[in-house]
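Let's take a walk through this protein together. Have the sequence and the 3D view ready side by side.

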Amino acid sequence: MEAYKYMKMIKKTAVLIAVLICAFSLASCFAASLVTYGKQNDDIYEMQIRLKELGYFSSEPDGYFGDETQTAISNFQIANGIAQTGLADPETMERLKSDNVITKKEYIDAARMIEKMDYIFQTGDQGKQVKRLQTFLSEKGYLAGAVTDEYTEEVETAVCLFQLINDLPVTGIADSEVVSLLCSPLCINLNECEMKIVLAYGDSGSAVKLLQLQLKELGYFEGDCSAKFGKNTQDAVCEYQKWNGLEENGECGVEMRIHLAKGEAVSYAEALAMDAVSALYEGDISDAVQKVKTQLTDLGFYSGLIDNEFTHELSEAVYFFQLANNIQTTGSADKATRLLLNSGECITMDEFTEELSEMPVKRDDVGHQVVLLQRRLIDLGYYFDSANGTFDKKTEEAVKSFQKAHGMEQTGVADTLTRKLMNSDEALTYADSVAFEEMKKAEAERQVLVDLICGEAANALNAPYEAGRVGKDAYGNSGLTYAVFAIINMELHPTIALQYESAMAMENWNEDPNAFGAGDQVFFYAGDTMLTGICVNVDTVVFASPDQNRVISVQNFTEIDEYVFIGSIAYI
């Protein structure tokens, strides 16, 4: 009762002071005719500054007379005993400029004397006082449903809404300031409040402008804060709801307004940062999946369709990316995988393939390195089974065949040296190796014949020259070549002219003095005389010389001026 009288005395005093100020004031510092709802000017800005000083206006002054400014004036009028009109009438303006005014804090402190509840209530609390709190919230229109003695999440939401509407910090905790204001005449009754709670497409006013400013600060809204709820605002609201776990309906309802007021909102920049590392699984559909596909395509691990569906093909690509970069292989794009993808400091498929292509593998090994080995052996023609990734007996035999074809020790182990050669341009295909073996065999057989020819020519050295002879004890010039090639069962013509004519008609006739070799028959001039002989070594020719009257050997044959090279023929 004492508290009530005290408050009544405060109100009477406030009214008396206001009347005296109005009676004796010569002029107002505010132009009342300009300080009206919906306008924006410096006078309103100055008024908002004063209301903020007194605790009735919480936002930053912007000179715009909207709903928040009107509420602040109404609260000021109630606290200072002026008729509650919400208008900046002369009486209110004069009272506002006075030094003898009641601040919002002073009024709330006085109201506490009316209903003293020295408690702080929050979710999980129980008791009679919690029930009383709910009764007040219900009476003021903030809590629907039955009143209980438990501080539930519904009660917390009701307290948040009360704090939001009554311009208090939104915490969901009913502290002494909340309880005192809830019990005072200054409390805004939601049942009687004309303030629009749910903001939707087509709305306008200061509440919409505040919403736009909040969304702009968080990075969801771009453009001018026009105080009109249009398509851009609706899109921004949807984005905010998406990244903050709210229902995406494009309307700023109680849940979103409380969420904004609590200051716990995820900004758009934070949302993008979280999205960049959010885990993705097979079957997911999102823009983030498309980004992962693009990244893996650039790195060479993925070659499929780039869309927003997490397919099994993408899962396999992720698996190989994880394997290549030595992180846990799950096939799903978990946080560690996405962080590595975003870093740009990861191993590409080409680098991974190169590394695995040189990795030593042996019997019973399994893995992608074996797959690469088998694929290469298939390409080269040594392996004809599937590339199943298991180093079995067939794979081992294929490796041995490769090693044999390249003159290596046939271990069947694909060591680093074997794999490097296998992956190089110098690797022979199986067909090439067979041809090479046949060529080596033919060359060996040829070399036997060449050795016989050269040996026979060497045995004839210093034998007497005698025209027309082909015997062991004397040789004519063409007789020597005839006798030497007869050792390999090859019969030449008996004369130089016929031997020359026959040699020139052959496909492999050679006229390059630097292109004949051991075992070839050589034709040349000695003065005006055509002679023939046998090449027994590099640029060394054996022939029966009429001038020296014996079989001789001439080294550096093509460098001696007295002999002019005509041509040569390789019969074998």
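Which residue takes a positive phi in the hairpin of β3 and β4? That residue is Asn549, with a phi near 60°, in a hairpin that has 4 residues between the strands. Before going further, please note that this is a predicted model, in which local features need pLDDT of at least 70, side-chain atom pairs count only at pLDDT 80 or more, and totals for chains, interfaces and linings use all residues. Residues are numbered from 1 along each chain as its sequence is written, and side-chain values use heavy atoms, leaving out hydrogens and water.

Across the pair, Ala544 stands opposite Val551 in β4. Strands here are DSSP runs of E, at least two residues long, and helices are runs of H or I of at least four, both numbered from the N terminus; two strands pair if DSSP finds at least two bridges between them.

Next, find Gly517 in the loop between α22 (496–504) and β1 (521–526). Gly517 counts as partly exposed at 24% relative accessibility, a class that lies between buried (under 20% relative accessible area) and exposed (over 50%), using a 1.4 Å probe and protein chains only. Its C-alpha atom is separated by 70 Å from that of Asn308, 209 residues apart along the chain.

Finally, the cysteines. A search of the whole structure finds 0 disulfides, meaning pairs of cysteine sulfur atoms within 2.5 Å. Cys454 is in no disulfide, and the nearest cysteine sulfur, that of Cys535, is 6.9 Å away. Cys454 is buried at 12% relative accessibility, and Cys346 is buried too, at 13%.
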